[in-house]
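User: I am new to this structure and would like to learn how its features are read, one at a time. Could you take me through them with care?

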Amino acid sequence: MTEEPISNNEELAPNTVHINDMYQSWFLDYASYVILERAVPAIEDGLKPVQRRILHAMKEMDDGRFNKVANVIGQTMQYHPHGDASISDAIVNLGQKDLMIETQGNWGDNRTGDSAAAARYIEARLSKFALEVAFNAKTTNWQLSYDGRKNEPLTLPMKFPLLLAQGAEGIAVGLSTKILPHNFCEILDAAIKHLKNKPFELYPDFNTGGMIDVANYNDGNRGGKVRVRAHIEEVDKKSIAIKDVPYGLTTTQLVDSILKANDSGKIKIKSVVDNTAKDVELLVHLAPGVSTDQTIDALYAFTDCEVSISPNICVIIADKPHFIGATQLLKHSVAHTKQLLLDELNIKLAELEEDWQYSSLEKIFIEKRIYRDIEEQTTWEGVLGAIDKGLNPYKKLLRREVTQEDIIKLTEIRIKRISKFDAFKADEHIRGVEQGIEQVKYDIEHITDYAIKYYDGLLKKYGKGKERKTEIRQFENIQANTVAIANTKLYINKKDGFIGTSLKKDEFVFDCSDLDQVITFRRDGKMMVTKVADKTFVGKDIIHVAIFQKGDERTTYNLMYLDGKTGITYAKRFNVTGITRDREYDLTRGNPGSKVTWFTTNPNGEAESVAITLHPGSKARVKTLDYYFEELDIKNRSAQGNQVTKYPIKQVKLKEKGRSTLSALKIWYDPAVARLNKEGNGQLLGRFEDKDRIITFYKDGTYELTDFELTNRFDADNLLLIEKFNPEKVVTAVYYDAKNDQYNAKRFLVETQTLKTKYSVIKEGEGNYLQFVTTLQEPVVIIKTGKKKSELTEQETALHELVDITGWKTIGTRIAGGDLKEIALPVTANDAAAQNDAPTLF
């Protein structure tokens, strides 16, 4: 027999609660508790409850010396109703941020993931900065601890945007917070600018260093994103070095991601060696024949050398979670700090007023010998009355009424104090208090200026050594398929119409990456683009297959086809720049029976000429004719094309290979990302054909020749000049000779032209560097010399007249001593150079 369920309409016994109601109530209670008491920091002090309790406990223990962390944990457990593990983790987290806590011992390393030593082996104390900005019992709001035995702060009176400096991360019920850390000095600068009503910007800064692209930071609001990269340097042609780790990662995680990319064939390396000690260094040894530039791009594209971080600033305001931006967070903190400073000033003013009142009463009490009036009094009330009566003539000199508490304090003055009373010192003290009162009143009236002075004091006192560590840069967008290593082989079965990487018994086509897309053309005039896969049907009778480059406007297809309906042969030239993948496109008029009679692929728009032989049975008088593709314009792939002949064709043969019908490729250099591009970003280097080269000169005195591949990388920080290479141009260089403390000039032709090999054009020696370089035919420069800026002298020098053209290894001619401050082209020369498509100077 089964028990019947109780209907919701039936009456329940008293104090009975539905399970649904209990679940809803308990879940909301739990969610609120996790949000308010565990995961999300308060906006007032930027701390989670466990962090606040740790700092409060350390303040109670503070005697200027280090304390065992185990003792700090024990002290904190008086306020924190959870286990010691959560407290220990929170202390280590605070200590590694190196702001509020000074540490001693092995506190681990967030770059390598090494954990801290046990709590009994490491020590900590509050930093001087923390003591200055986070504590003031007089302005603190208190509450009872969880067991009601002690008082703990509701929030600490934090006079600094700690949340922006330290960052925070937490996952609650139904929401999360991720606040990225910002630079200490920049936060204070922004606070000062805000108080001065000036605009300011705030961007994240990580103690792990690296680079950051803040283009989409969106002030830290939801929906924003930052891209973070590690610095990667070329050691030599066979190895590269990773010099830091992106925020939130460790060297172990980074190495794992590199090995994973290598195992999947995205990159080709021999080994990764972790040489991290004081500084991060991961040495990556490359496989033979692999380009360092392409590998660096591939590391950013396929490994954790580049990561995206999505900020999400969520804080507790008035016991509720709120989503705000970094700017709003700073403004709230500044307003809060300003109010705390005002409260402190009002408290100080009241204390000074009390000091003045008591000091004045004491002086009157002793100088006017009012203490003698109490000698004959026999009762306590009589004593108080006698003193009050004795003060009556002087009450009008005081700043407030005399209270009974004031009189009681006078009775507590010792005879020794009265006998050694110094009226002069008393007057000096009162004048000092009066000056203090005036100063405090002035600061209260000018509270904004006082707050600016306070922030400026923090910056001067604690800003040293807290400069920005993460370089703000604009990142180029790396297309994964362009930098992926060819890690698989593509095969084709032309008869059955299949392509794929698993057709190993069929014809091999080329090596490719599994990220590539492949374009195929068929005899019936159909075209399709598909992704590299194990086996894909693209249609029978394939005539051409190649890797598809989206947006390629230079690769030109020359096509001749027979229309199946009319029998007319058409010719066309077209590009394929953008398509829908796996969709079939018809390059003919679309009539059944159409077929391709001639097809070529031309990477630079070459246009060949062909010899056409007509069918012997055709009615044409002339059975042979020549056709020149260069007479056709390059049009859309859907264009019909131009009519070649209406007679049937027997065969088409190549008569002469064509030359490019396209103008040379325009290449620009974008200094913001230190990369070449075809989109017109940055400085135009010129028009390039296959054999053209780019030459770069660097501050270390080296030059390098490269091709114009867009994957090339340049050292923007050390780049002096970049331009299209002309071997007939004379290079004029000025360099500093540290040993002789002088500047030498030399003029030479570039003789060694090996690609991607650096050659030094300056004298070898420590401290030597290249100061100036140009390829102008007749360089006239302005040389400024002098020991002080106010005493600089200018001299115009024609270097082509002063210095002869010699070999690139010569020492050169002295043109100035060590007091040279600047050498540059005159403005007029720069203008003329710019008009003549001059090289880019940095």
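Analyst: What follows takes up sheets, cavities and aromatic rings in turn. This is a predicted model, in which local features need pLDDT of at least 70 and side-chain atom pairs count only at pLDDT 80 or more, while totals for chains, interfaces and linings use all residues. Residues are numbered from 1 along each chain as its sequence is written, and side-chain values use heavy atoms, with hydrogens and water left out.

User: In what order do the strands of the sheet with β24 lie?

Analyst: In a regular strand the side chains alternate between the two faces of the sheet. Strands here are DSSP runs of E with at least two residues, numbered from the N terminus, and two strands pair if DSSP finds at least two bridges between them. In this case four strands make an open sheet in the order β24-β21-β22-β27, and the pairing is antiparallel. Because β24 (542-547) and β27 (584-586) stand at the edges with a single partner strand each, one side of each is left without a neighbour in the sheet. From one strand to the next the twist averages 20 degrees, where axes are lines fitted to C-alpha atoms and angles run from 0 to 180 degrees between N-to-C directions. Between β22 (residues 526-531) and β27 there are three bridges, and M528 has E584 of β27 as its bridge partner.

User: Which strands stand at the edges of the sheet that holds β10 and β12?

Analyst: That open sheet has four strands, ordered β10-β11-β13-β12, with antiparallel pairing. Its edge strands are β10 (232-236) and β12 (269-274), each of which pairs on one side only. β10 is joined to β11 (residues 239-242) by four bridges in the antiparallel sense, and I232 stands opposite I242 in β11.

User: How many cavities are there of 30 Å³ or more?

Analyst: Rolling a probe the size of a water molecule over the atoms shows where empty space is left. A cavity is a set of points, on a 1 Å grid over the protein atoms alone, where a 1.4 Å probe fits but cannot get out, and lining residues have an atom within 4 Å of a point. Grid points are joined across faces, edges and corners, and a volume is the space filled by probe spheres set on the points. Here the count is three cavities of 30 Å³ or more, and the largest cavity has a volume of about 70 Å³. Its lining residues include I43, M158, F160 and L329, and α6 (162-166) gives the most to that lining, with three residues; helices are DSSP runs of H or I with at least four residues.

User: Which residues line the second largest cavity?

Analyst: The second largest cavity, with a volume of about 40 Å³, is lined by I695, E723, F725, N726, K729, V731, V750 and T775.

User: Where do aromatic rings come together in one cluster?

Analyst: Rings of Phe, Tyr and Trp (its six-membered ring) pair if their centres lie within 6.5 Å. A search of the whole structure finds 23 aromatic pairs, and one aromatic cluster is formed by F129, F160, F184 and Y462. F160 is also among the residues lining the largest cavity.

User: Which charged end sits over the ring of Y585?

Analyst: A charge sits over a ring if NZ of Lys or CZ of Arg is within 6 Å of the ring centre and within 35 degrees of the ring normal. The charged end of R637 is placed over the ring of Y585, 4.5 Å from its centre, and K746 lies over the face of F748, at 5.6 Å from the ring centre.

Key. On a 1 Å grid over the protein atoms alone, a cavity is a set of points where a 1.4 Å probe fits but cannot get out, and a pocket is an open set with protein on both sides within 12 Å along at least five of seven lines; lining residues have an atom within 4 Å of a point. Rings of Phe, Tyr and Trp (its six-membered ring) pair if their centres lie within 6.5 Å; planes under 30 degrees apart count as stacked, over 60 as edge-to-face and the rest as tilted.
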